[in-house]
Amino acid sequence: MAKIVIRFQNQILGETHLRPGFNTIGRLPAHPICIENLGISRNHAFILGDIEEKIFILEDLRSLNGTYLNKKRVHKCLLKPNDVITIGQHALEFIAEAQKPQEPPAAYAESKSPEPWLEAQGTGDVIPLVKETTYFGNSSSDDIHIPGLMIGKQFASIDRKGTVWVINLLVKRFSHIKVNGEEVTSARLKDGDVIEVGGVTFTFRMPA
């Protein structure tokens, strides 16, 4: 069974078994994963669990201080066994059996009309593209967080146009996007395309 082990300064404060559906995280006592610390938002993040498929997705709730996975700030990502989530000064270790390889989250893998997703190179994070427009940027309100002083809010996007998915550069002053190594301002995406957005690399995947 998957669980979260909460640590503070190398001391174990407790553990919580993850249940199907939403496992919310914050400093309010009502949260299944409650951490009473002012560095943590009242409603900070959640872990969406699919117990049968052994898939768990972490998502930040636009918290003030952010949510970090293995020392990298994230908005939404797929958890892997032994991943360490950092919230404030607390470390939350994700303990679970390995997920099924190369499978997208069950939320769209089992859908009659499953959506495409991005795979982050290097981390293996999976980002479902469930919105009409998915924004890249360095703001906590952006769907996919891209760090960097020269990265602005909503500087690039992936847009659904019917059955077609298009990546667009919205702010051209500093940032850039590349598709399969070629710098573009707009491009139609196909399965397997390698996208570089503000120096972060993803693979675009379409369901079979």
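The legends below describe close-up views of a predicted model.

**View 1. An open sheet of five strands with β4 and β9 at its edges.**
The strands lie in the order β4-β3-β5-β6-β9, and their pairing is mixed. Strand β4 covers residues 33–34 and β9 covers residues 76–78. Each of these edge strands pairs on one side only. Strands of a sheet pair through backbone hydrogen bonds, and they can do so in a parallel or an antiparallel way. Strand β3, residues 21–26, runs parallel to β4, and two bridges join them. Across this pair, Ile25 stands opposite Ile33 in β4.

**View 2. Ile47 in strand β5.**
Strand β5 spans residues 45–50 and includes Ile47. Is Ile47 buried or exposed? Its relative accessible area is 0%, so Ile47 is buried; the cut-off for buried is under 20%. Leaving aside residues up to four places away in sequence, Ile47 touches Ile4, Leu18, Gly21, Phe22, Asn23, Ile25, Phe56, Ile57, Leu58, Leu79 and Ile85. One of these contacts, Leu58, is eleven residues from Ile47 along the chain. The C-alpha atoms of Ile47 and Leu58 are separated by 4.5 Å.

**View 3. A second open sheet, with β15 and β20 as edge strands.**
Five strands make up this sheet, in the order β15-β14-β16-β17-β20, with mixed pairing. Strand β20 covers residues 186–188. Both β15 and β20 pair on one side only. Strand β16 (residues 156–161) and strand β17 (residues 164–169) run antiparallel and are joined by six bridges. Arg160 has Trp165, in β17, as its bridge partner.

**View 4. The largest cavity, with about 150 Å³ of space.**
Rolling a probe the size of a water molecule over the atoms shows where empty space is left. How many cavities of 30 Å³ or more are counted? The count comes to two. The largest is lined by 16 residues, and those closest to its centre are Val74, Asp125, Ile127, Ile144 and His145. Four elements, β8 (72–74), β9, β15 (144–145) and β22 (200–205), each give two or more residues to this lining. Strand β8 gives the most, with three residues. Sorted by class, the lining of the largest cavity has eight nonpolar, five charged and three polar residues.

**View 5. The second largest cavity, with a volume of about 50 Å³.**
Its lining consists of Asp60, Gly66, Thr67, Arg73, Val74, His75, Ser139, Ser140, Asp142 and His145. By class, six residues of this lining are polar, three are charged and one is nonpolar. Val74 and His145 line this second cavity, and both are also among the residues closest to the centre of the largest cavity.

**View 6. Arg62 and Gln154, two residues with a positive phi.**
Most residues other than glycine have a negative phi. Arg62 is not a glycine, yet its phi is positive, at about 55°. Arg62 is found in the loop between β6 (55–60) and β7 (67–69). Its relative accessibility is 56%, so Arg62 counts as exposed; the cut-off for exposed is over 50%. Gln154 is not a glycine either and has a positive phi of about 50°. The loop between β15 and β16 holds Gln154. With a relative accessibility of 31%, Gln154 counts as partly exposed.

Note on methods. Residues numbered from 1 in each chain as written. Predicted model: local features only at pLDDT ≥ 70, side-chain atom pairs only at ≥ 80, totals over all residues. Heavy atoms only, no water. Pairing = 2+ DSSP bridges. 1 Å grid on protein atoms, 1.4 Å probe; cavity = no way out; pocket = protein on both sides within 12 Å on 5 of 7 lines; lining within 4 Å. Points joined across faces, edges and corners; volume = space filled by probe spheres on them. Nonpolar A, V, L, I, M, F, W, Y, C, P; charged D, E, K, R; others polar. Buried < 20%, exposed > 50% of the residue type's maximum accessible area, 1.4 Å probe, protein only. Contact = heavy atoms within 4.5 Å.
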